[in-house]
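Please have the sequence and the structure open while reading.

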Amino acid sequence: METTESPPESTAAVPAAALNSTTPDPAVSHSASKSSPDHMEINDPIPIAEPQPQPRKRRRRRKKIFTDMISSTASRLRVIRPHSKPAAAGIDDDSLSGHHRKRRSAPDLSKEVDIEALIAISVGFPVDSLTEEEIEANVVSQIGGAEQANYIIVRNHILARWRSNVSDWLTKDHVLESIRIEHKNLVNSAYNYLLHHGYINFGVAPAIAAVKTKFSGETPKGSVIVIGAGLSGLVAARQLIFLGFRVVVLEGRSRSGGRVRTKKMSGSGGSVVGAADLGGSVLTGINGNPLGVLARQLEFPLHKVRDICPLYLPNGRTVDSDVDSKVEVSFNKLLDRVCKLRQGIMDEIKNVDISLGTALEAFRRVYKVAEEPFERMLLDWHLANLEYANATLMSNLSMAFWDQDDPYEMGGDHCFIPGGNERLIRALAEDLPIFFNRPVESVRYGSDGVIIHAGGQEYQSDVVLCTVPLGVLKKGTIEFSPELPQRKKDAIERLGFGLLNKVAILFPYDFWGGEIDTFGHLTEDPNMRGEFFLFYSYSSVAGGPLLIALVAGEAAVKFESMSPVESVNRVLEILKGIYGPKGIAVPDPVQAVCTRWGQDQFSYGSYSYVAIGASGDDYDILAESVGDRVFFAGEATNKQYPATMHGAFMSGMREAANIMRVVTRKRPSNAEAAKVNNNSSTNHERNDVDVLFENPDFEFGSFSILCDANSTDVESHCLLRVLIENGLEFGGGGGGGVYLYGLIEKKQAVELSSLGDDLKRIEVLTRVFGVRLVGRNGLCDAAESLIGRMKSGKSVPNIV
């Protein structure tokens, strides 16, 4: 059989002598495996020798910082749980069984509050303060003080209450059973926030779905197009539908999941089968992880990735455990020294940022670490593991901020989902209006909404949520008109988007033993230290004898230009070198798949990292919406949880809430609409902005302009007010009318003042500048920020 090279999306045939079937597959779509592989006959299994006992080592993907415990917050917060009362007046959690509880002591309540606080921390909430999103949502009337402290207790209690039973819908009434009635306002505030931001009552449990279906029949709040059916897109779409929006999902691939792809592998006649996660695979920390919630709702068992990870030398011998421990300790000390270095120069760090690799190598030489070839191989393995965690070379990582997300990292075990993560994707995608094979070409947005061209068709909506990977944004395959703000384009350029590849091999039987989930391989070439340096055994979760070999760092880049036959033969060579000396024969593969994520036109890589010159702030900038029309989600928009599946999930929930907030703020209430419609016979009512316009910077015809006093930039924002009189005529006659407002640039204000009359001005304003005039309550965030600066009279730098 001849070997043929083919594009990443297609199947490559391989000589049966080398292996049964090898598929170069970037996990782009189901079309990636259109042709059925030929399957060779497998001889009777060779008897497997008992593997020798291996040293038990704890391996972590990256250096982590965990919050082991918190100090007792109950001593500082007011406990507001009810005492034991009759059922009609309110009961607490343990009373649901029908037995009333005895009055609990202060230490018992304190312990319960601490436990619930720990649950809130695992979800991502701070110990004794509000998140920025909570502050924006005005969950309390005043920051700090007793009200905030009590709100935090209520919020944590609601979280803990739902997390104890994630398959049922938690109502406010259920919460009020364990909170005194005088705190009903706090319950309403906390409950609504957690519900709308996707912290409770989310997921795919039948009871949850049934309740959400009732809400989806309400009058639509607006329309949203979601670009991308990956984790963030699917989650956002489901939440937006629940919040009352009309939603359409446009996906360029022929499948859902994005960078989450499970490949079904099998032998001839189904003799052996296996499910390989070619993209996102490990649930990194199960405590608080929303994907763990989905698994509980679907009753999927989770398999803990065991900490046993023996390392093997190139000659197949097991690495001595004492030397292994010594080098691992030295490696961690090198990282600690880098941390101390950057702490000492933090003020200048943005100007002197260097690569993490350069800093580590400098300290390695100074402290004479791993000077022996054997120790250097071990150190290179740990460096390869770090390159795997960050999907890039050490020379690309920012010394200053490469681990900026460590304080937020979720605790708990790292787990596999048996059968692959695509099981979660299928559940999330069920019943969603997804249009496949619709690669988006352009996004045009303005005051009237959004127009998207995808797959030769045009789609219109009020807003758009873009969830494409950072690699696609870097490539510029989607045209945005107007262009994205320079601030966002700079962040896209600064952040890194790395590469990790895999070789998944299905064997006729498990020859490596089922007592381990991982084992490592050392190499003598430092430049290729990431080549098949770590193997994952999927035998416990894939349904068959499956091994996945990882390719990280520089090796991952070179891997994309290797033929699949060459790659698989290299893996087999390593495996034979490890198990051959033990008397264990490595059988020919049944099927093999090689990923090519760097060539995938819908990702152009694997996941994000903080490159030299970038920082965690760039994740936040990437998450910023543009003009209240274009929103962004995905793992690269999540500062706390980048490069993770749960980070993508949480970003989708975040943006659904943001869209809801923006649309709700823009929509006038019925009373406000009536006031505008009935304001034809009386003068307009003065509001807080009209007071500012008593001394405008420009005034011509019916137009008044207020400029930002803190900026001389001709492109700085100005606040515009136009008086519309009875009969939709312009002001000046002294009759009744209403004021409408807008945000324009200073140079546009100058141009308007040069025009002859108001009719020409309004035509240029709306048709040329694309400005839509709105009522006072319809102004965007940028306008509100400008108004705030004008009111305060303080000198605030112009960052627009």
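## Strand pairing

In this predicted model, K304 stands opposite C415 in strand β9. Strand β9 covers residues 414-416, and two bridges join β7 to β9. The two strands run antiparallel.

β7 and β9 belong to an open sheet of three strands, ordered β6-β9-β7, with antiparallel pairing. The edge strands are β6 (283-284) and β7 (303-304), and each of them pairs on one side only.

## Helices α7 and α19

Two packed helices are described by the angle between their axes and the distance between the axes. For helix α7 (residues 231-242) and helix α19 (residues 645-666), the axes cross at roughly 35° and come within 7 Å. The crossing in which α7 passes α19 is right-handed.

On the α7 side, the contact is made by L231, S232, V235, A236, Q239 and L240. These meet M645, A648, F649, S651, G652, M653, A656 and I659 in α19. By class, the residues of this contact divide into 10 nonpolar and four polar, with no charged residue.

## Helices α22 and α23

Helix α22 (residues 746-753) packs against helix α23 (residues 758-768) at an angle of about 150°, and their axes are 9 Å apart. Angles over 145 degrees count as roughly antiparallel, and α22 and α23 are therefore roughly antiparallel to each other. α22 passes α23 in a right-handed crossing.

Which residues of α22 meet R761, V764 and L765 in α23? They are E751, L752 and S753. The contact of α22 with α23 has three nonpolar residues, one polar residue and two charged residues.

Notes
Residues are numbered from 1 along each chain as its sequence is written. This is a predicted model: local features need pLDDT of at least 70, side-chain atom pairs count only at pLDDT 80 or more; totals for chains, interfaces and linings use all residues. Side-chain values use heavy atoms; hydrogens and water are left out. Axes are lines fitted to C-alpha atoms, for helices over the stretch in contact, and angles run from 0 to 180 degrees between N-to-C directions. Helices (H or I, at least four residues) and strands (E, at least two) are DSSP runs, numbered from the N terminus. Angles under 35 degrees count as roughly parallel, over 145 as roughly antiparallel, 65 to 115 as roughly perpendicular and the rest as oblique. A crossing is left-handed if the near helix is turned anticlockwise from the far one by less than a right angle, and right-handed if clockwise. Contact means heavy atoms within 4.5 Å. Ala, Val, Leu, Ile, Met, Phe, Trp, Tyr, Cys and Pro count as nonpolar, Asp, Glu, Lys and Arg as charged, and the others, Gly among them, as polar. Two strands pair if DSSP finds at least two bridges between them.
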